[in-house]
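Hi there,

Here is the structure I promised to send over. Have a look at it first, and then read my notes below.

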Amino acid sequence: CAAAVGWQFTRLKQLALARCDRRFAPPLGAKAGAACRRFGQSLGRDCLVSCWPGMALMMAAGHTPLVIVALACLSWRDRRLPHDRPGRVLSVTVLLGVGAYAVLGQA
């Protein structure tokens, strides 16, 4: 949970989140297979880099539905906010709430 909160403030997360929001796939044609593979690999890498703490928190919380829904909504929201205004207050609040729920649920 602490890593997920801290990750919200890193430049690397913001850069990966901005790159994760690409909408243009490579053109079709004779070389489409290789271009699509490169596009998918780079898109997957950027999404993994931007959301890895949330994914780790889901795993640590045992994939309970409440945690999954909260973090999936947070990831969805992060991708739709302007990248120069990431809305960290709500993100940190949700992450701390999920962390508290995970800890109290395990006790």
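A pocket here is an open set of points on a 1 Å grid over the protein atoms alone, where a 1.4 Å probe fits, with protein on both sides within 12 Å along at least five of seven lines; lining residues have an atom within 4 Å of a point. The model is predicted, so local features need pLDDT of at least 70 and side-chain atom pairs count only at 80 or more, while totals for chains, interfaces and linings use all residues. Residues are numbered from 1 along each chain as its sequence is written, and side-chain values use heavy atoms, leaving out hydrogens and water.

On confidence, pLDDT (the predictor's confidence in each residue, from 0 to 100) averages 81 over the protein chain, and 89% of the residues score at least 70.

Now the largest pocket: 20 residues line it, and Ser-50, Cys-51, Gly-54, Leu-71 and Ser-75 lie nearest its centre. Helix 1 (2-7), helix 2 (11-20), helix 3 (32-60) and helix 4 (65-80) each give at least two residues to that lining; helices are DSSP runs (H or I, at least four residues), numbered from the N terminus.

Helix 3 and helix 4 pack at about 175°, with axes 10 Å apart (lines fitted to C-alpha atoms over the stretch in contact, with angles from 0 to 180 degrees between N-to-C directions). They are therefore roughly antiparallel, a label for angles over 145 degrees. Their contact (heavy atoms within 4.5 Å) includes Cys-51 and Gly-54 of helix 3 and Leu-71 and Ser-75 of helix 4.

Best wishes

Technical notes: Angles under 35 degrees count as roughly parallel, over 145 as roughly antiparallel, 65 to 115 as roughly perpendicular and the rest as oblique.
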